[in-house]
Amino acid sequence: MKLKEQIANFFTLLNLACGTGAIFLLSELSTVAACLLVFAGAFFDLLDGLAARALKITSDIGKQLDSLSDMVTFGIVPGLIAHHLMAGHGLDFIAMLIPAFSAIRLAKFNIDSRQSKDFIGMPTPANALLWASFGIMSQQGNEMFGIGRSIANFINQEIGRLLQHHYFIIACIILTSLLLVSPIHIMGFKFNQFTWKGNEVKFILVSVSLVLILFFGITGIPFIIILYPLFSILNRTFQTHEVQS
């Protein structure tokens, strides 16, 4: 294959390396470092897609590498994080639902032509970022960073207390696993053109997300993940209304 065609695959392999590194770190109980690697993996996954579209390159091996890397970083690792959060409880095997439903989600994506621009079900990277943020927030000795650090620390402490209750974690595991394979249409961020009209909901979500990150740092991630499907439903409603009108 030509060198240009390998650029996107290079970022995909960096994503895979982050997922593999996160597994190693979790085995050594280095939770925060492992969760940060999930964020790094999501960044490389984004670069993978941007590079492929910018260079107008596609390859069968690239598609396979992408799914395999996503399964490691965004399927297995969040399952291990959930398992780690439930360590010592007899129901920690329920964390296996996350990798299982992530595999189903990725398999459905690979064979569903309707998901070229948008998604059906929560994307695995979004789910992984939620669990990575939970993993960091569970370590209450770590301060949250951002302009609104005092508020973020308070929210972090409250969520940290919730994460000490395994039934809360079980509920999150079941809910997020079901969202992965749900029929909810989740908007993607592949813009045909960067204009306000037709992309209003996407631009608003991006703006709100940036504000949450700026003020609350990683503590803002769970709120962004909650807003994502809600804004997607709103976007779908707008699109349906425009077609009907």
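## Helix packing and cores in a predicted model

The axes of helix 1 (7-27) and helix 2 come within 8 Å and cross at roughly 170°, where axes are lines fitted to C-alpha atoms, for helices over the stretch in contact, and angles run from 0 to 180 degrees between N-to-C directions. That makes helix 1 roughly antiparallel to helix 2; angles over 145 degrees count as roughly antiparallel, under 35 as roughly parallel, 65 to 115 as roughly perpendicular and the rest as oblique. Helices are DSSP runs (H or I, at least four residues), numbered from the N terminus.

This is a predicted model, in which local features need pLDDT of at least 70, side-chain atom pairs count only at pLDDT 80 or more, and totals for chains, interfaces and linings use all residues. Residues are numbered from 1 along each chain as its sequence is written, and side-chain values use heavy atoms, with hydrogens and water left out.

Helix 2 (residues 31-55) also packs with helix 5, their axes 8 Å apart at an angle of about 155°. Helix 2 and helix 5 are therefore roughly antiparallel. Their crossing is left-handed, a term for a near helix turned anticlockwise from the far one by less than a right angle. On the helix 2 side the contact (heavy atoms within 4.5 Å) includes Val32, Leu36 and Phe39, and on the helix 5 side it includes Ala128, Leu129 and Ser133.

With helix 3, the axis of helix 2 comes within 11 Å and crosses at roughly 155°. Helix 2 is thus roughly antiparallel to helix 3, and the crossing is left-handed. Among the residues in this contact are Asp45 and Asp48 of helix 2, and Asp66, Asp70 and His84 of helix 3.

The table lists the contact residues by class: Ala, Val, Leu, Ile, Met, Phe, Trp, Tyr, Cys and Pro count as nonpolar, Asp, Glu, Lys and Arg as charged, and the others, Gly among them, as polar.

| Helix 1 and helix 2 | 17 residues | five residues | two residues |

The largest nonpolar core has 47 residues, and Ile81, Trp131, Phe134 and Ile173 have the most contacts inside it. Such a core is a set of buried Ala, Val, Leu, Ile, Met, Phe, Trp, Tyr and Cys residues joined through side-chain atoms within 4.5 Å. Helix 5 (residues 124-137) gives the most to this core, with nine residues. Apart from this core lies another, of seven residues, among them Ala8, Phe11, Ala51 and Ala52.

Beyond its neighbours within four places in sequence, Trp131 is in contact with residues including Pro78, Ile81, Leu85, Ile169 and Ile173. Ser133 belongs to helix 5 and is buried, with a relative accessible area of 0%; buried means under 20% relative accessible area, exposed over 50%, and partly exposed in between (1.4 Å probe, protein chains only). With neighbours within four places in sequence set aside, Ser133 is in contact with Phe39, Ile218, Ile221 and Pro222.

Leu29 lies in the loop between helix 1 and helix 2 and is exposed, with a relative accessible area of 61%. The phi of Leu29 is near 65°, a positive value in a residue other than glycine. Most residues other than glycine have a negative phi. Ile57, in the loop between helix 2 and helix 3 (60-85), is buried at 11% relative accessible area. The C-alpha atoms of Ile57 and Ser30 are separated by 37 Å, with the two residues 27 apart along the chain.

How values were computed:
Helix = DSSP H or I, 4+ residues; strand = E, 2+ residues; numbered from the N terminus.
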